[in-house]
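Welcome! Please open the structure in your viewer and keep the selection tool at hand. We will go from stop to stop together.

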Amino acid sequence: MSQKEHIRDYKAPAGGWGALKSVTKSWLGSENAFRNLRIMLKTNQNGGFDCPGCAWGESPEDGMVKFCENGAKAVNWEATNRRVDPDFFATYSVSDLKQQTDYWLEYQGRLTHPMRYDATTDRYVDTSWEDAFALIAKHLNDLDSPDQAEFYTSGRASNEAAYLYQLFVRAFGTNNFPDCSNMCHEASAIAMFDTIGVGKGTVVFQDLEEADAIFVIGQNPGTNHPRMLDPLREAVKRGAQVICLNPLKERGLERFQNPQLPIEMLRNGSEPTNTAYFRPALGGDMAVFRGMAKFLLNWDREAQKNGEPAVFDHAFIQEHTSGLDDYLNTVDATSWAHIVEQSGLTIEEIEVLARMYRRADKVVMCWAMGLTQHRHSVPIIQEIVNLQLLRGNVGKAGAGLSPVRGHSNVQGDRTMGINENPSEAFLNALEKRFQFQVPRMHGHNTVQAIQAMEEKRAKVFIGLGGNFAQATPDTPRTHGALSNCELTVHIATKLNRSHLVTGHEALILPCLGRTEIDQQAEGPQGVTVEDTFSMVHISYGQLKPRSPMLRSETAIVAGIAKATLGNHPVDWDWVVADYSRIRDLIADTIPGFDNFNEKIKHPGGFHLGNAAANRMWNTPSSKAQFRANALPTQLVKESVLENGDKPDLILQTMRAHDQYNTTVYGLDDRYRGVFGLREVVFANEADIRRLGFEPGEKVDLVSLWDDGRERRVSDFVLVAYDIPPGQAAAYYPETNPLVPLESYGDRTFTPTSKFIAIKLEKAKPSMMIPTQQS
């Protein structure tokens, strides 16, 4: 076993010297260290480029360094000098490449030429853009129905590329838009549409600076959106409450050392990022919030009885909401025994949370995929909304609802119409503007697309970015489904596993990255993105493209569209020559984008606006709607228990620190003390011993489901970790094979990656990983 593979305690704060060391390693590894250091200063700056990493919004101050450790890694990963060119593919067959790790594949560098898979030689070979577009057009036009094609989108696509993509696909005749949103915040959108009439957060950056309390729920900012750490610690310093609810103790939610503060770095200081930390059971958050509501209800009744100030904001409730009585009846009917058992917290802990919430006049609730990847995710998030409505914490400064999005433009892509179930208003606007009959039937989401390919009802797959084969659940089934296709197409900057899971024919189309100059017929172009606070801003690439053969995502989409449809419903070459023309089309069809080209000239861009933040409720009742959802009877699937299977542990999948989505920048997860390996499973030491194992031992993880399929991953190292009993955690995509395709959220089809019932079995032969104490 290599000495680089070990487990040891990491006692330093988030950020700090560890972040600087990691960034330096990333810069040097890019083989363009000095150039990349210079362009980093253009990251998230006016006239520069938008970070290709997370969707966290920008602070309003000018002149600041506005990138974090993971943002620096994303830029250096993209702006590498290493190249994956035709000579590379001549050296390695697809079968050879399949033997490599995901990390090795992406580390090889930037894709440089359009490539076509040659099944006879099992190699990708050089092709021309014209031939690639013609091959796609032939397959699409030969389909019996447009619904036999799947059009996937990653959250990094720009607004301009996404808009043209949805326009082309709807003109082609389908709403099949499986999208990365299906796998992350679908529950947030559905839950908030139901309750407040808007599927986006109501919070802007300034609200975090004014809040009396910020709840950080089911998310790990230190790894997933590190720029959030600074406003959290600033909130603590000014006396606000920052309350974290997360099963794992995450370093970024404990302490943060800001690498951009020299004095703090020199004295090796750090500041706390929370004032209270609670660790609910996986899937138990709804019960926590129900318990808080139950305390608030009892206190409000006592206050009214005693003539004291009310706990609820009755004036807000009366004017702006409906459904309160049904909701409070449901709260009354929920037993404390059920709440405590399911929440994983004691009644005393829930009371402390309720008192913290009651004392704060202005509360922001933030959450991420710890809440959205469960069967009952929509009710969980609606319970948060209910709690906020009880005290009028929606539609006032310093308060609101904030689903923290992941990839840099995942929210913007949905705004642009990347949606398998679009609104009638959006479809009507397209039809009016472009004068063609748009498809009205609901399309396929990600799970449905995999099922359609598996059953050979879908024959063409086109991926606009991303790593579909690895990001999705039930990995062997997903790979088999993609292999059933007649054609698979991937638009990408780097080689990844999806490119090796080919249909009968396959293409890799290399595109520009966010960091690169996008030169079109009428000059260099900027693209726009929308961050988690609904701020829209423009991004200009700064670097010469890694290859003269690269095309922008926007130009590639237009090239496919022209080859398939001709100049219908637009002149594709004309709109791509100047992206302002695409933005004019967006302004014509999507509310909030009027004068789009003028608005983005303002430094920092513009805010799209949010009706619910202004207490305008786009619901059937024109009021915010309390939702009376019962707590689940139990969280493990009933049919699994009926089969007599009792899980050893409940597993959640998660990122390592050196990772963004399926992109693995390195093999260390320093905050959790794992170095040089990824096949690990974190569990409570008492659980490890209860199940007959030892820390450091290797095990197989076996998923419990009732369809007769075996779902197993092998040779995972048991890591004793500070995690609540009965729980486990491991990295994706390595554990995505354990997530059954049919295990998804009610109404959302989002995989239940934060709640997987598993058994542990001894790996054979058993091996041990050395443990080093720091």
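**Stop one: a residue on the outside**

Select Ala425, which lies in helix α22 (residues 424-434). Keep in mind that this is a predicted model. Is Ala425 buried or exposed? Ala425 is exposed, with a relative accessible area of 57%.

Next, show the side chains of Arg433 and Phe434. Arg433 lies over the face of Phe434, at 5.2 Å from the ring centre. For another charge over a ring, go to Lys249 and Tyr277. The charged end of Lys249 sits over the ring of Tyr277, 5.3 Å from its centre.

**Stop two: the nonpolar cores**

Select Leu140, Phe151 and Leu509. Of the 60 residues in the largest nonpolar core, these three touch the most other members. Which helix gives this core its largest share? Colour helix α8 (residues 159-172), which contributes 9 residues.

Stay with Phe151 and display what surrounds it. Leaving aside residues up to four places away in sequence, Phe151 touches Leu140, Tyr165, Phe168, Val169, Phe172, Thr174, Asn176, Phe177, Pro178 and Ile462.

There is also a second, separate core, made of 59 residues. To find it, pick Ile217, Tyr327, Met365 and Leu390, which are among its members.

**Stop three: an enclosed helix**

Now select helix α20 (residues 377-390). It has 14 residues and reaches 20 Å from its first C-alpha to its last, close to the 20 Å expected at 1.5 Å a residue. How many of the residues of α20 are buried? The count is 14 of the 14, so α20 is largely enclosed by the rest of the structure. Just after α20, look for Gly392, which takes a positive phi of about 65°.

**Stop four: a hairpin**

Move along to strand β21 (residues 527-530), where both faces are covered. Val527 and Val529 are on one side, Thr528 and Glu530 are on the other, and all are buried. What is the bridge partner of Val527 in β22? Ser539 is that partner. The hairpin of β21 and β22 has 4 residues between the strands, and here Ser534 takes a positive phi near 65°.

**Stop five: aromatic rings**

Show the aromatic side chains. Across the whole structure, a search finds 29 aromatic pairs. Zoom in on Phe596 and Phe606: their ring centres are 5.9 Å apart and their planes meet at 75°, so the pair is edge-to-face. Because Phe596 lies in helix α29 (residues 596-599) and Phe606 in strand β23 (residues 606-607), the pair ties together parts that are 10 residues apart in sequence. Both Phe596 and Phe606 are buried.

For a group of rings, select Phe88, Phe89, Tyr92, Trp104, Tyr117 and Tyr124, which form one aromatic cluster.

**Last stop: a strand with two partners**

Finish at strand β34 (residues 756-762). Strand β25 (residues 649-654) pairs with β34 in the antiparallel sense over 3 bridges, and Leu649 stands opposite Ile758 in β34. Then select strand β31 (residues 698-703), which also pairs with β34 in the antiparallel sense, over 5 bridges. There, Val702 stands opposite Lys759 in β34.

Methods
Residues numbered from 1 in each chain as written. Predicted model: local features only at pLDDT ≥ 70, side-chain atom pairs only at ≥ 80, totals over all residues. Heavy atoms only, no water. Phe/Tyr/Trp six-rings, centres within 6.5 Å; stacked < 30°, edge-to-face > 60°. Helix = DSSP H or I, 4+ residues; strand = E, 2+ residues; numbered from the N terminus. Buried < 20%, exposed > 50% of the residue type's maximum accessible area, 1.4 Å probe, protein only. Lys NZ or Arg CZ within 6 Å of the ring centre and 35° of its normal. Core = buried A, V, L, I, M, F, W, Y, C linked by side-chain atoms within 4.5 Å. Contact = heavy atoms within 4.5 Å. Expected span 1.5 Å × (residues − 1). Pairing = 2+ DSSP bridges.
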